[in-house]
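Look at the sequence and the 3D structure below. Keep both in view as you read.

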Amino acid sequence: MSRLLKLLERGNKPPFHLYTSQLPYTATVSSIQRLTRDGQVSHIVIDHGGNVPFWEGQSYGILPPGENSKRPGTRHPYHLYSIASSRYGDDLSGRSASLCVKRAIYVDPQTGEEDPSKKGVCSNFLCDCKPGDKVDLVGPFGKLMLLNESNPSDSHIMVATGTGVAPFRGFLQRLLEDKMRPRKFEGSAWLFMGAPTAGRLLYNEEFERYARDLPWSFRYDTALSRESCNKRGGRFYVQDRMEEHGEEIFKLLDGGSHIYFCGRKDMLVGVEAVFEEVARRMGEDWRGKLAKLKKNRQWHVEVY
Ligand code: FAD
C-alpha cells in the first residue's frame, strides 16, 4: 500500500474544509459520462492529485467560473455536490473523486418552455465540462452523512431519490469492494432507490451486479413513481416500497441499524408518514422511536 493510501485510513476524524473559497484547489476533469438518455445527469470524475482527500458521505463545494451577476465584482458562490465514490475514487488511486450532477433547468410556468437564460449556473458548468477542464474545489464538507464504520457487522439502510444516490454509491464501493478497509465488512447494506422511470435509475447496473454477486451483503429495492401505483392509487414513491418492508426495517433499526436519507427535500415527509403507519400497526410510538434513533445517531439525513 502506498503512503497516500495509508494516509486515507489514518485518523478518527474526516478531512474537513482543507480548501476555501479564497484558496480553492484547482482539480482537473478526467472523464464525464451521461447517466440518463436525456443527458440531464452526468457522472464526472475529477482528478485532485491526492490533495483533497475525503471520506464517504462528504461533499465538495464547486466554485463555477465567472462573475456573480447578483454581486458584481465577486465570484459565484460554491455549490455542494455529494461525492459519489469511495475515498479511493473509481480508479482506486486515492487521487480522484466522482460527482453525480443533475442539470438545473428552468421551465417557464406560463409557456411550459425551457428558458436557458435562467438555467442553474454550477450544475450546467459541471455537466458541460470536458476531460482536461479545470474545476475549483472547496472542502471537503459534511459530517452528517458519514458512513458509520465503527462496527463491521452493522447493517446500513440507504434511502435515495435522484442524485441523492451519490453518497450511497461511495458507501457501497467502500463496504463491498474496498480491500484497503482495516476490517472486512460483515454486516448488510440495503438500498431503496426512487426514480420516476426505470431509465432514470442512476447506477442501476452497478447495484444490480452487487445484488446478484453479493446477495448476503446487499439488497436493492427500487420504486418507479411514474410506472406503478401505490395502494391508494397514487404514484409509487420510495416510501411505498419501504412500507412493504416496514416490520423488517423496524427490526433492523431496533437492532442498531443505521438509516441514511439523501435526495429530494420532500422525501422525508412521505417516509415519516409511512413509518408512523408501520409503528401504529406494530403498536409502537413513532415519535418516541424517532427521538431514540436520533439520540443513538442511527438517523442520518441530507436532503436538498
Ligand atoms: P443555481 O444557479 O443556484 O439556480 C438554482 C435554481 O434557480 C435553478 O433551478 C435555476 O434554473 C433557477 N433560476 C435561476 N435563475 C432564475 C430566475 N431568474 N428566476 C427563477 N429561477 C431561476 N446536486 C446534484 O446534482 N448532485 C449532488 O450530488 C448534490 N449534492 C448536494 C449535497 C448537498 C449537501 C446540497 C446542499 C446540495 C446538493 N446538490 C446536489 C444541489 C447543488 O448544490 C445545487 O444546488 C444544484 O446543482 C443547483 O445549482 P446551480 O448553480 O446549477 O443552480
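This report covers a sheet, a helix pair and some annotated sites.

## About the model

This is a predicted model, where local features need pLDDT of at least 70, side-chain atom pairs count only at pLDDT 80 or more, and totals for chains, interfaces and linings use all residues. Residues are numbered from 1 along each chain as its sequence is written, and side-chain values use heavy atoms, leaving out hydrogens and water.

Helices (H or I, at least four residues) and strands (E, at least two) are DSSP runs, numbered from the N terminus.

## The six-stranded sheet

Six strands make an open sheet. Their order is β4-β3-β6-β1-β2-β5, and the pairing is antiparallel. Two strands pair if DSSP finds at least two bridges between them. β4 and β5 (96–102) stand at the edges. Each has a single partner strand, so one side of each lacks a neighbour in the sheet. On average, neighbouring strands are turned by 45° against each other, direction ignored.

Take one pair. Strand β3 (residues 59–63) joins β4 in the antiparallel sense over four bridges. Glycine 61 has leucine 80 in β4 as its bridge partner.

## Two crossing helices

Helix α6 (residues 246–254) and helix α7 (residues 267–281) have axes that come within 10 Å and cross at roughly 90°. Axes are lines fitted to C-alpha atoms, for helices over the stretch in contact, and angles run from 0 to 180 degrees between N-to-C directions. α6 and α7 are therefore roughly perpendicular (65 to 115 degrees; under 35 is roughly parallel, over 145 roughly antiparallel, the rest oblique).

Which residues of α6 and α7 meet? Gly246, Glu247, Ile249 and Phe250 in α6 meet Phe275, Val278, Ala279 and Arg281 in α7. Contact means heavy atoms within 4.5 Å. By class, this contact has five nonpolar, one polar and two charged residues.

## Annotated binding-site residues

An unreviewed UniProt entry places the feature "binding site" at Ser82, Lys102, Thr163, Ser225, Arg226 and Glu302. Such annotations may be inferred rather than shown by experiment. These residues span 221 residues in sequence, and the farthest two C-alpha atoms are 25.8 Å apart, so they do not all gather at one spot.

Is serine 82 buried or exposed? It has 9% relative accessibility, so it counts as buried (under 20% relative accessible area; exposed is over 50%, partly exposed in between, with a 1.4 Å probe and protein chains only). Serine 82 is in strand β4 (residues 79–82). Among the residues it touches are Gln58, Cys262 and Glu302.

Serine 225 lies in the loop between β9 (218–224) and α5 (238–244). At 10% relative accessibility, serine 225 counts as buried. Its contacts include Ala195, Pro196 and Tyr237.

Note on methods
Ala, Val, Leu, Ile, Met, Phe, Trp, Tyr, Cys and Pro count as nonpolar, Asp, Glu, Lys and Arg as charged, and the others, Gly among them, as polar. Lists of a residue's contacts leave out its neighbours within four places in sequence.
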